[in-house]
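Subject: Two-chain model, handover and notes

Hello,

Please find the structure below.

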Amino acid sequence: MCDATDTPAMESQPQLQKERVVGTPSKLCVKCKAAKPSISIRRSLYCRDCFVRASVTKFRTALSKSRKRMPVARARVMVALSGGATSSAMLQLMADYQRMELKGYAAEPTYASVVAGHVDESALFSGYDDAQICDIAAAIDIECRVARLEDVFALEGDRAALLELVHATIAPGTTRDQFCVQLTRGDESKPAREQLRALFAGLGSATDREDMLDIIKSFLLARLARQAQCELLLLGDSGTRIASKLVSLTSRGRGFSLPLEVGAETPFLGSSSSGVMAYRPMRDLIMKEIAFFNLWTRQPSVVVPTFTTGAPETASIDRLTESFVVGLDRDFVSTVPTVCRTVQKLELCPEALTAAQCIVCSMPAEANAQAWRNRLTVNVAPSEQSLEHDIAPSADIQSPLSSFGVTAHLCYSCQSLLHFAKPGVALPAFCLENYREQATASPPSDAENDIDADSQQRRESLRLRIEEFFI
Amino acid sequence: MSSLEKGEEIPQSKDTLTNGSLSMAERKYHSVVTKPLAKRKGSAVAKDAASSETVDSSSKDSGVTESLDKEPVDKKSYLRIRTKYTSGMELLIRDKETALDHVFEINVKAEPMNMKDLIKYVGETLVLDGKQSAFSREESICPGIMVIINECDWEVMDDLEYVLQDGDVVEFISTLHGG
């Protein structure tokens, strides 16, 4: 039987041995076995040249694996360039690959052309020079196209309008959260930048702001790629980023669409009707490899600030998971590769393949996400809630438009985001576009709504009967 | 010249530093900078460095000042270490010029200096108040910060225990916010 006395074996069991091994006896590069090593990756030592070559090979391997799902034969490629280390490295690698192919070793280059796409975030963040990022692309003769964040509020045409959030808390008997919006022409005197800042100011937390920023950037990148007639978009997500995204997206309630957001390929980024295919070819390189690659190839990059730059760890979910994953990876070097291997095995569930798209993030929206939210513990019992209607003042509406519900068109995570947003917040113009697309494509099925409402009512009456037994 | 010999007392930080090796005050570091040090509250270093003849206040270039060559430096006991803080690390350092290039002159007569001590020292003198936890943690550097010694990963050469040599170039780069 198991003896509880202290034996040497028992003492050493609880602690996992930390894996940082330094100064191994045979100090030579493991690949060429001739040169002195300059870097240690996952306990293997590499010399500078072998390391650079290995990184290039990893990139090309990842790219060729994704090539099996290429949309057209000779696609035009747009490289998403944020200016940070990973995307700058990716641009260099892609340009180098294209140059190599054009030199004539391949019968026909796999990709027709390469351009760079950048989203200018100076409306929200200052302290970095946007021109430097275009210089990075210009230095290797790549055209750089720029979209500005505030473009999502640039209204054009006479059908132009915005969706404004109207937050109504309804008295007991119906569902807890109702996401109602109304059409508004928006304040045309306010410049797009102001409207953008108002949107972010109206969001609840730093996590929500980062989420909304990601959504807007994805939309703008997809639109840039479409405008440049590129069928393919390359996203600069390193292995470390993918590992921490996996954890943070799950924490934010994006598990339903997770394979699309961290996977090697995303069949459509942006709406399903007019999206582009996106690859993540840097997924096999961890941040350390990218940093050293940039150092030794003298690749310039720019530090682009975000909401949580310089903030403590607990500023947002993303920040927390990043420091968790990076900290773990330092002591246990196979953390990030193991997580990335798991990521590659993820597949969309069958419901996700046929689900409607969320009008905010364009990811599959789980039907009955509302039911999940209703099962959350409430702080205040519904019977004590008073009837509140927070209707924000909206200017310049020609005819009084009533608010309509969009709950069924929102994914779980976007519902959480809007739940904590202030009423009167105007959503970017693409949300209305997505809503119109879906409304014309498939009229709302009233039968389904009725069944839902019916079961809700039955559940509600049952709850009222046993309410007195609740603690 | 004599200021180098007597050094000056680096004010002890509130955290206890002693872990068996020499404390900062005992080591008597003298930091030579390319620009006059900004005034730090209660910092004896600033007062002495400003009056020290080794600081060339009119020099605007980054890089080692001429006055360094004029000092009668005993090569065996004094090391010159050049440090750089790039790719996001400059947000933690007190000013941009220091972050681009900063040279330390270190007295190693009593005991050689290793990376652990350098990290501690940088954390006390160069890092902005309140950001120490983003730079060093538990006697070591924060995860996510790469240390490069003479263009080589520090993990290849003994990590924290690496003993600094004269003329070493140590670069700190941050890989968080990689984009």
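Which residues does S257(A) touch, not counting residues up to four places away in sequence? They are L348(A), M363(A) and P364(A), where a contact means heavy atoms within 4.5 Å. S257(A) sits in the loop between α7 (239-251) and α8 (258-262) of chain A. It is buried, with a relative accessible area of 3%; buried means under 20% relative accessible area, exposed over 50%, and partly exposed in between (1.4 Å probe, protein chains only).

Conventions and confidence

This is a predicted model, in which local features need pLDDT of at least 70 and side-chain atom pairs count only at pLDDT 80 or more, while totals for chains, interfaces and linings use all residues. Residues are numbered from 1 along each chain as its sequence is written, chains are lettered from A and ligands numbered from 1 in the order in which they are written, and side-chain values use heavy atoms, with hydrogens and water left out.

The predictor gives the complex an ipTM of 0.75 and a pTM of 0.76. Chain B averages a pLDDT of 66, and 56% of its residues score at least 70; pLDDT is the predictor's confidence in each residue, from 0 to 100. Helices (H or I, at least four residues) and strands (E, at least two) are DSSP runs, numbered from the N terminus. Over residues 1-26 of chain B the pLDDT is below 50, and this stretch has 43 contacts in the model beyond near neighbours in sequence. Residues 32-71 of chain B also stay under 50, with 53 contacts beyond four places in sequence. Where pLDDT is low, the predicted coordinates should not be read in detail.

Chain A

Chain A has 16 helices and 13 strands. Of its 471 residues, 47% are buried. Among contacts between residues at least 6 apart in sequence, 77% join residues at least 24 apart. The chain exposes about 23,500 Å², of which carbon and sulfur atoms supply 54%; accessible areas come from the Shrake-Rupley method with a 1.4 Å probe, and for residues only the protein chains shown count as cover.

An open sheet of 6 strands runs in the order β5-β4-β3-β8-β10-β9 (chain A), with mixed pairing. Its edge strands are β5 (144-148) and β9 (265-269) of chain A, each pairing on one side only. The twist averages 30° from one strand to the next. Strand β4 (residues 111-120) of chain A runs parallel to β5(A), joined by 5 bridges; two strands pair if DSSP finds at least two bridges between them. One of the bridge partners is A147(A) in β5(A), for V119(A). Helix α4 (residues 130-139) of chain A lies across β4 and β5 of chain A, at about 170° to β4(A). Axes here are lines fitted to C-alpha atoms, for helices over the stretch in contact, and angles run from 0 to 180 degrees between N-to-C directions.

Helix α14 (residues 412-419) of chain A is largely enclosed by the rest of the structure, because 6 of its 8 residues are buried. Those are S413(A), C414(A), Q415(A), S416(A), L417(A) and L418(A).

Two backbone angles are worth a look. Most residues other than glycine have a negative phi. D141(A), in the loop between α4 and β5 of chain A, has a positive phi of about 60° and is exposed at 72% relative accessible area. S362(A), in the loop between α12 (350-354) and α13 (369-374) of chain A, also has a positive phi of about 60°, but is buried at 9%.

Chain B strands

In chain B, 6 of the 6 residues of strand β2 (residues 102-107) are buried, so the strand is largely enclosed by the rest of the structure. H102(B), F104(B) and I106(B) lie on one side, and V103(B), E105(B) and N107(B) on the other. Strand β1 (residues 78-86) of chain B pairs with β2(B) in the antiparallel sense over 6 bridges, with L79(B) opposite I106(B).

Cysteines

A search of the whole structure finds 0 disulfides over all chains, a disulfide being a pair of cysteine sulfur atoms within 2.5 Å. The sulfur of C230(A), a buried residue at 6%, is 12 Å from the closest cysteine sulfur, in C144(A), too far for a bond. For C152(B), buried at 11%, the nearest cysteine sulfur is that of C47(A), 10 Å away.

Regards
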